[in-house]
Amino acid sequence: MSEEIQYIVPAPSPAVEIFAQHQLAYEFRREAQAREEFRSYCQWYDSTAKRHQQELEKMQSDINLFGWLTRRRGS
């Protein structure tokens, strides 16, 4: 019975196999590029966050001129 089915269903043509391989390679390259872009974004985000944390620490140690001026007005 399996031999009968083998004769009824034609084998895929070489063009279909070539297209399938091309499509698979295209999807792989697209996935690799997306992952690389995401890794690059994560590195940029991490460095930006660290820089902002350093700036915040520096600002917190600065003199609060606005607070100093507003306290003098109330006195």
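**Note on a predicted helical chain**

1. The protein chain exposes about 7800 Å², and carbon and sulfur atoms supply 60% of that area. Accessible areas come from the Shrake-Rupley method with a 1.4 Å probe, and for residues only the protein chains shown count as cover.

2. This is a predicted model: local features need pLDDT of at least 70, side-chain atom pairs count only at pLDDT 80 or more, and totals for chains, interfaces and linings use all residues. Residues are numbered from 1 along each chain as its sequence is written, and side-chain values use heavy atoms, with hydrogens and water left out.

3. The average pLDDT (the predictor's confidence in each residue, from 0 to 100) is 85 for the protein chain, and 84% of the residues score at least 70.

4. The protein chain has 3 helices and 0 strands. Both are DSSP runs numbered from the N terminus: helices are H or I with at least four residues, strands E with at least two. Among the elements, H2 has the highest mean pLDDT (95), and helix H1 (residues 2-8) the lowest (63). Where pLDDT is low, the predicted coordinates should not be read in detail.

5. Of the 75 residues in the protein chain, 3% are buried. Buried means under 20% relative accessible area, exposed over 50%, and partly exposed in between (1.4 Å probe, protein chains only).

6. Helix H2 (residues 14-61) contains Tyr 41. Tyr 41 counts as partly exposed because its relative accessibility is 44%.

7. Thr 48 is also found in helix H2. With a relative accessible area of 11%, Thr 48 is buried. Its side chain reaches the backbone oxygen of Trp 44 at 2.8 Å.

How values were computed:
Polar contact = N/O pair within 3.5 Å; in protein donor to acceptor, adjacent residues only side chain to side chain.
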